[in-house]
Number of protein chains: 2
Amino acid sequence: MSNHFTPDHFTPNHFTPHAAGDLNYLKSLNRSTILSTVRRYPGLSRADIALRTGLTKATVGSVVNVLGERGWLREGELHARGGGRPGRSLYLDGEQHVMLGAEVGVKGLRVVACNLLGERLASQRLDVSPTTPEETAAVLARLIEALLGDPALAARPCLGLGVALPGPVAPQAPILRLAPNLGWVDVDFLALLRAELDAPAGVWLLDNEANAAAFGEFYFIEGTPPESIAYLSAGSGIGCGVVSGEHFPVIPRGHQGLVGEIGHTVLVADGAPCHCGNHGCAETLVSGWMLRESLGVAADASLSASLLARLDEPEVSAALARAGRALGLLMLNLHHTLNPSMLILGGSLMRLGAPLVAPALAYFDAHQNDLLRQSQRVPVKVVEDSTFTAARGAAAQVMARAAIEI
Amino acid sequence: MSNHFTPDHFTPNHFTPHAAGDLNYLKSLNRSTILSTVRRYPGLSRADIALRTGLTKATVGSVVNVLGERGWLREGELHARGGGRPGRSLYLDGEQHVMLGAEVGVKGLRVVACNLLGERLASQRLDVSPTTPEETAAVLARLIEALLGDPALAARPCLGLGVALPGPVAPQAPILRLAPNLGWVDVDFLALLRAELDAPAGVWLLDNEANAAAFGEFYFIEGTPPESIAYLSAGSGIGCGVVSGEHFPVIPRGHQGLVGEIGHTVLVADGAPCHCGNHGCAETLVSGWMLRESLGVAADASLSASLLARLDEPEVSAALARAGRALGLLMLNLHHTLNPSMLILGGSLMRLGAPLVAPALAYFDAHQNDLLRQSQRVPVKVVEDSTFTAARGAAAQVMARAAIEI
DNA sequence: AAGAGTTAGTAAATAGCGTTAACTAATTCT
DNA sequence: AGAATTAGTTAACGCTATTTACTAACTCTT
């Protein structure tokens with residue numbers, strides 16, 4: 001029978017049947033659904049899960065017990081609802097498996113190890129700008145080895161490794177297409193990494209930084225899960241990842257992996273030249289590289305620290321306000337094209353804080369049109385420190401994939 | 001067991017498991033997969049289908065035979081490939097079932113009846129501008145009754161009725177949210193229609209015009225099926241529908257049904273006022289209503305006929321060229337946000353022909369950036385006459401839904 | 001304090017799915 | 001005419017979730 005879990009790297013959990021299914025598919029579908037129900041609603045009992053998923057108590061019971069034996073679920077306290085026999089609450093087990101996640105950013109490398117709850121167990125960072133893909137893979141490999149040096153961590157079963165890169169990834173194969181801010185083109189980064197590293201068994205995945213971050217924020221979100229989110233990543237460049245799907249979150253990627261490349265939507269016809277070869281892109285109005293160039297911040301200096309120290313210069317504060325309004329406009333356009341039910345702002349530019357973010361939110365609020373006003377204001381969440389967000393998101397993708405391959 | 005086929009009106013064929021599945025689900029999944037394989041590749045044999053879907057010959061054979069008995073499939077000629085026993089080719093049966101589709105447009109009403117091949121068996125049109133929702137429903141009901149007056153048509157089993165409207169539809173319920181160009185707000189059009197019409201049994205669906213058109217163009221496309229398409233509908237307003245998914249085409253709608261509302265992306269910060277209550281939207285640069293207003297075409301006159309007759313006026317040809325370039329820019333932005341693998345241009349503005357379309361295509365070609373140049377140019381198809389495109393698309397959605405409910 | 005009532009969870013029997021393996025059918029090639 | 005090859009069907013089989021009946025564990029009532 002055809003395999004629903006072929007390692008299309010880009011569909012770590014894309015459960016939409018792209019093929020027919022057999023009984024194994026059904027089994028895996030239901031096991032994953034149960035697992036995701038516990039992830040989204042920690043503390044449910046077997047009976048609660050049966051009610052929510054539509055499966056019978058018998059099915060849920062047997063699946064839950066298997067997942068318990070394999071270290072994915074643990075039982076917790078008894079419910080106290082009154083009535084009859086109390087249900088036993090179920091949780092993802094944070095003490096067994098781990099996933100590794102890594103990010104290659106324009107300004108540094110990040111590596112994390114997470115448990116099934118998305119909690120960071122350990123992390124490593126190196127604030128150097130990547131050079132060639134080969135050298136970067138070697139450095140990242142050493143960083144991962146350092147992380148796995150912790151014997152407590154190395155003793156846990158590892159589900160795999162996810163890597164996030166600052167550029168679109170081909171939808172058909174785990175290959176970086178183009179990273180304008182690194183100067184990389186068509187890089188098979190996982191192969192380079194594999195040459196340097198044996199370490200984690202399991203799935204190896206590659207994704208765009210914004211997609212990875214979006215996935216992680218959606219997958220491990222606390223409270224009532226939203227239908228979908230968009231993670232707007234504002235750093236050296238501007239990108240955006242979208243995730244939706246309750247049990248099997250999907251990242252739309254499009255034909256060339258360009259879904260959410262809103263930094264290169266043209267806002268000024270024949271405007272200022274952009275790194276991408278076009279003119280008047282959103283990145284020419286708001287982005288790390290544009291602020292750096294226009295305000296003269298050295299490549300090796302911290303953009304946020306430099307600019308926050310110069311806030312009294314009218315030129316600087318005006319530039320940040322202008323960039324903030326452009327960001328607000330991008331947020332509006334995002335809602336008329338990808339229309340998420342929640343917007344998360346992240347990326348290194350968020351460290352600039354209110355001088356950038358306040359004008360963005362104000363513009364966004366002030367320019368809602370009739371279409372948007374028809375329904376409740378879409379919530380916006382700001383992640384001030386997203387140092388490990390993309391790396392953790394890559395780890396989340398590993399978990400999602402592993403969960404359907406159990 | 002929970003029902004995977006709950007009439008979420010907006011997921012006529014959204015087969016992504018949003019719930020666990022039982023054996024019925026599996027059965028329906030495979031039956032639909034086989035059906036869609038025949039739709040996409042007419043003339044395959046049972047053995048071909050088995051190879052393509054991964055199902056066994058035994059399963060395919062039994063399912064195909066049932067679908068034949070129920071009037072969905074018919075057998076055709078024998079293959080002539082040499083080798084062993086020739087396979088018998090299979091086709092969707094165009095002689096049995098019909099689906100009805102309707103469109104309420106700013107300039108008129110359209111109704112069609114299609115067979116399973118998407119062929120138009122009959123149609124009706126009425127070139128009047130809709131007034132109130134109630135009156136429009138009554139007029140449309142009479143039009144549908146007129147269509148069903150044909151006894152040959154009325155004798156066929158009908159799968160249902162799909163209706164397309166010029167505005168975003170709520171993702172949770174079949175309700176029109178807002179049609180700026182009709183002045184309608186929160187209209188339950190299917191209920192109004194039901195009050196006037198008993199006629200077709202089966203599924204009743206409601207969708208946005210661009211989504212419906214996109215669905216139909218994708219569902220009934222000839223030749224090698226693309227992974228995804230975007231249908232850019234340029235009429236009184238500018239909208240866009242996206243469809244992807246080989247066996248179970250999905251229309252992303254987003255939280256408020258605003259996916260693809262690119263006509264209201266802001267391209268000029270604080271630009272000209274738009275019907276939507278904002279300023280500087282794409283529709284202020286290219287749209288039927290904007291051309292009408294700026295070039296002084298009466299509301300009851302045909303926009304394309306009027307302007308084509310005035311092409312020698314420099315003001316008119318310059319305005320069309322300007323609008324065309326804006327359309328080209330929108331096409332570019334579309335590729336950096338929704339990134340379809342094929343772009344189809346439709347809508348009433350296409351009747352303007354080369355004076356509008358040529359500048360659009362030229363701009364699109366000339367401004368491809370490095371990201372787009374990384375891969376093959378995305379094909380663009382122009383539908384000159386899209387009178388019945390949306391109505392047929394609505395009918396296609398009915399078929400897709402019916403196919404999983406067999 | 002004991003029993004009724006209620007809900008959680010388990011166990012065994014059952015119906016239905018796709019697969020497997022063996023078959024028949026229909027063509028071409030030698 | 002027979003071997004080889006491919007298409008399609010049939011019956012037995014293993015596995016799935018369900019159904020039905022049961023046991024377990026609590027609260028509430030009397």
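## Domains of chain A

In chain A, the domain assignment, whose bounds come from an automatic or database source, gives domain 1 (23–92), domain 2 (98–212 + 389–405) and domain 3 (215–382). This is a predicted model, in which local features need pLDDT of at least 70, side-chain atom pairs count only at pLDDT 80 or more, and totals for chains, interfaces and linings use all residues. Residues are numbered from 1 along each chain as its sequence is written, chains are lettered from A and ligands numbered from 1 in the order in which they are written, and side-chain values use heavy atoms, with hydrogens and water left out.

The centres of domain 1 of chain A and domain 3 of chain A, taken over C-alpha atoms, are separated by 38 Å. Their contact, meaning heavy atoms within 4.5 Å, takes 8 residues from domain 1 of chain A and 6 residues from domain 3 of chain A.

## How the two chains are related

The same surface serves both copies, since 100% of the contact residues of chain B recur in chain A.

## Helix α1 of chain A against helix α1 of chain B

Helices here are DSSP runs (H or I, at least four residues) numbered from the N terminus. The axes of helix α1 (residues 23–40) of chain A and helix α1 (residues 23–40) of chain B come within 10 Å and cross at roughly 120°, where axes are lines fitted to C-alpha atoms over the stretch in contact and angles run from 0 to 180 degrees between N-to-C directions. That makes α1(A) oblique to α1(B), because angles under 35 degrees count as roughly parallel, over 145 as roughly antiparallel, 65 to 115 as roughly perpendicular and the rest as oblique.

On the side of α1(A), the residues A:L23, A:Y25, A:L26 and A:L29 meet B:L23, B:Y25, B:L26 and B:L29 in α1(B). By class, this contact of α1(A) with α1(B) has 8 nonpolar, no polar and no charged residues, with Ala, Val, Leu, Ile, Met, Phe, Trp, Tyr, Cys and Pro counted as nonpolar, Asp, Glu, Lys and Arg as charged, and the others, Gly among them, as polar.

## A helix pair within chain B

Helix α8 (residues 288–295) of chain B and helix α10 (residues 314–335) of chain B pack at an angle of about 155°, with their axes 11 Å apart. That makes α8(B) roughly antiparallel to α10(B).

Notes:
Helices (H or I, at least four residues) and strands (E, at least two) are DSSP runs, numbered from the N terminus.
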